[in-house]
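Subject: Structure for you to look over

Dear colleague,

I am passing on the structure below, and would be glad if you could read it alongside the notes that follow.

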Amino acid sequence: MTDAGGICFSQGKLYKKPSTTCSSVIGGNPLRQSQRKNYVKYAKVFPLSTLLEFKIPSKWYRRSVGGLEVLCGLAMVLIPSHKIKNAANITLLLLMFLAVYSHYMVSDPFERSGPALVFTFMLIGRLVIWYQASRREAALAAAAQPTANGLKQE
């Protein structure tokens, strides 16, 4: 955030202020602040923290989950290998199961856990469609093999 002659620049937005302090924009986006507060609750119910007796800081939790989501999303969009796409899909699916679990454990309303559920079902649907298509391709390849006397030739 910079301050230059009554104009404040913060989070990609310009704000005009009569004074040069920019005090009203220091807090940032209120939605972002509420998300940070929510991740404090989610970090407390992280399933491995009780198993390993390690409390994960909410900042690390938020950044690692967000980084993994971006990385897996880019892998699914940009990399043509189906093995990498499926690995990214399964990683995102595990993250969504973790999100649904976290929402349930902190008793979030359905409006908050709904998007995680929808995305979970979309990822499961993608895996099911890939599985069906790969099975169909394998069946077509097996049917295309030449046969002699009713036996497939290898």
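Which residues form a nonpolar patch on the surface, and about how much accessible area do they have together? The patch is formed by Val 70, Leu 74, Val 77, Leu 78, Ile 79 and Ile 84, which together have about 560 Å² of accessible area, where accessible areas come from the Shrake-Rupley method with a 1.4 Å probe and, for residues, only the protein chains shown count as cover. Patches are made of residues with over 30% relative accessible area and no salt bridge, like charges being joined within 9 Å and nonpolar side chains (Val, Leu, Ile, Met, Phe, Trp, Tyr) within 5 Å; a salt bridge is a side-chain nitrogen of Lys or Arg within 4 Å of a carboxyl oxygen of Asp or Glu.

Before going further, please keep in mind that this is a predicted model, in which local features need pLDDT of at least 70 and side-chain atom pairs count only at pLDDT 80 or more, while totals for chains, interfaces and linings use all residues. Residues are numbered from 1 along each chain as its sequence is written, and side-chain values use heavy atoms, with hydrogens and water left out.

The overall picture

The chain has five helices and five strands, and along the sequence these follow the pattern β-β-β-α-α-α-α-α-β-β; helices (H or I, at least four residues) and strands (E, at least two) are DSSP runs, numbered from the N terminus. Of the 154 residues in the chain, 23% are buried, where buried means under 20% relative accessible area, exposed over 50%, and partly exposed in between (1.4 Å probe, protein chains only). The accessible surface of the chain comes to about 11,300 Å², and carbon and sulfur atoms account for 65% of that. Of the contacts (heavy atoms within 4.5 Å) between residues at least 6 apart in sequence, 37% join residues at least 24 apart.

The two patches

To return to the nonpolar patch, α3 gives the most to it, with four residues. Ile 79, another of its members, is placed in the loop between α3 and α4, and counts as partly exposed because its relative accessibility is 32%.

Helix α4 (residues 82–105) holds Asn 89, which is buried, since its relative accessible area is 0%. Setting aside neighbours within four places in sequence, Asn 89 is in contact with Met 76, Leu 123, Arg 126 and Leu 127. Ser 102 also lies in helix α4 and is buried, with a relative accessible area of 2%; with neighbours within four places in sequence again left aside, Ser 102 is in contact with Tyr 42, Val 45 and Tyr 61. In helix α2 (residues 47–52) lies Ser 49, which counts as buried at 3% relative accessibility and touches Ala 43, Lys 44, Phe 54 and Lys 55, not counting residues up to four places away in sequence.

Two further points

Ser 107 has a positive phi of about 60° although it is not a glycine. Most residues other than glycine have a negative phi. Ser 107 is placed in the loop between α4 and α5 (110–143), and is exposed, with a relative accessible area of 61%.

Finally, Ile 90, placed in helix α4, is partly exposed at 43% relative accessible area. Ile 90 and Ile 124 are 34 residues apart in sequence, and their C-alpha atoms are 8.7 Å apart in space.

With best wishes
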